[in-house]
Amino acid sequence: MSYRFITLTFANQVATLRLNRPEVHNAFDDVMISELLDAFQQIEQAPDCRVVVLASNGRNFSAGADLGWMRSMADKNYDENIADANQLAQLMQRLDQLSKPTIALVQGAAFGGAVGLAACCDIVLAEERTSFCLSEVKIGLIPAVISPYVMRAMGTRQARRYMLTAERFAATEALQMGLVHEIVDDFDAALTRYTDALIGNSPAAVSAAKKLIADLDQQPIDAKHQRLTMERIAAIRVSSEGQEGLSAFLEKRSPNWKKDSQ
């Protein structure tokens, strides 16, 4: 499918999704959100896709919401704004819940909703000069839809500061807070390291691990959730990939999913 504001390519079991409005610092509007939702659906349904890379063209990852789009929403009523916010909420949820591992490459500036996109990814790589900002309160708004993902990624204590002050913070600070996993000099080299590791693992197990993490996050360690973990390990052990992985380990050979990726 041809898109206006994003690009989507598949190669070597990796889907690369790029924001492509560099002339406006990859600010997103309703069109880009709709295109991203469509792309995530394509990615989820692609049988040969094992890893998803979220990146952008130009100097900056994303300036967040497009000012013209936000201005148009100010002229609409409450119900229309609810419908609009629902699209963004679906976007964040879809990215957060993709069954395939996601890697964000964040360069330049990541403002507002762009911080939410990063927070929804499994792995976030940033350049040393990358900066982040939850800038919404500066213009009389709040980072509402992205807040659950941002708070989970950087912690409530830090989110309270940066959501209220709208200060810029550097990649080094984002690393300390957990929003960023690694600061790199070369995206390509780092990306190869991560994609090789992910593709070398069982695709079914990776998806199951993502689902397990989501289901256990912030939950009590009680009998219900202990039962859930027992059921999940039992199910994966008797699955075809679980059986193949254990057999390959005992027979000292590569499992079939690793052979397929070579």
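Let's start at a loop. Gln 218 sits between helices H9 and H10 (223–238). Helices here are DSSP runs of H or I with at least four residues, strands are runs of E with at least two, and both are numbered from the N terminus. Phi of Gln 218 is near 65°, a positive value in a residue other than glycine. Most residues other than glycine have a negative phi. Gln 218 is also exposed, at 72% relative accessible area. Exposed means over 50%, buried means under 20%, and partly exposed is in between, with a 1.4 Å probe and protein chains only.

A word on the model. It is predicted, so local features need pLDDT of at least 70 and side-chain atom pairs count only at pLDDT 80 or more, while totals for chains, interfaces and linings use all residues. Residues are numbered from 1 along each chain as its sequence is written, and side-chain values use heavy atoms, with hydrogens and water left out.

Back to phi. Asn 12 has a positive value too, near 55°. Asn 12 lies in the loop between strand E1 (6–11) and strand E2 (14–19). Its relative accessibility is 70%, so Asn 12 counts as exposed.

Then there is Lys 252, which follows H11. Phi of Lys 252 is positive, near 55°. In H11 itself (residues 240–250), Gly 242, Glu 244 and Ala 248 are buried. They cover an arc of only 165° around the axis, so they lie on the same side of H11. That arc is taken from the directions from the helix axis to the C-beta atoms.

Which residues touch the most other members of the largest nonpolar core? Leu 17 and Phe 132 do, in a core of 54 residues. Helix H1 (residues 30–45) gives the most to this core, with seven residues. A nonpolar core is a set of buried Ala, Val, Leu, Ile, Met, Phe, Trp, Tyr and Cys residues joined through side-chain atoms within 4.5 Å. Leu 17 has contacts, meaning heavy atoms within 4.5 Å. Leaving out residues up to four places away in sequence, its partners include Ile 6, Leu 36, Phe 40 and Val 53.

Ile 103 is in strand E4 (residues 102–106). Ile 103 is buried, at 0% relative accessible area. Again leaving out residues up to four places away in sequence, Ile 103 touches Val 53, Ile 123, Leu 191 and Tyr 194, among others. Ile 103 and Phe 40 are 63 residues apart in sequence and 14 Å apart in space, C-alpha to C-alpha.

Pockets next. On a 1 Å grid over the protein atoms alone, a pocket is an open set of points where a 1.4 Å probe fits, with protein on both sides within 12 Å along at least five of seven lines, and lining residues have an atom within 4 Å of a point. The largest pocket has a volume of about 880 Å³. Its 28 lining residues include Ala 65, Met 70, Glu 136, Leu 141 and Ile 142, the closest to its centre. H2 gives the most to this lining, with six residues.

The second largest pocket has a volume of about 600 Å³. Of its 27 lining residues, the closest to the centre are Asp 96, Asp 122, Arg 152, Lys 210 and Ile 213. H9 supplies the largest share of that lining, seven residues.

Key: Points joined across faces, edges and corners; volume = space filled by probe spheres on them.
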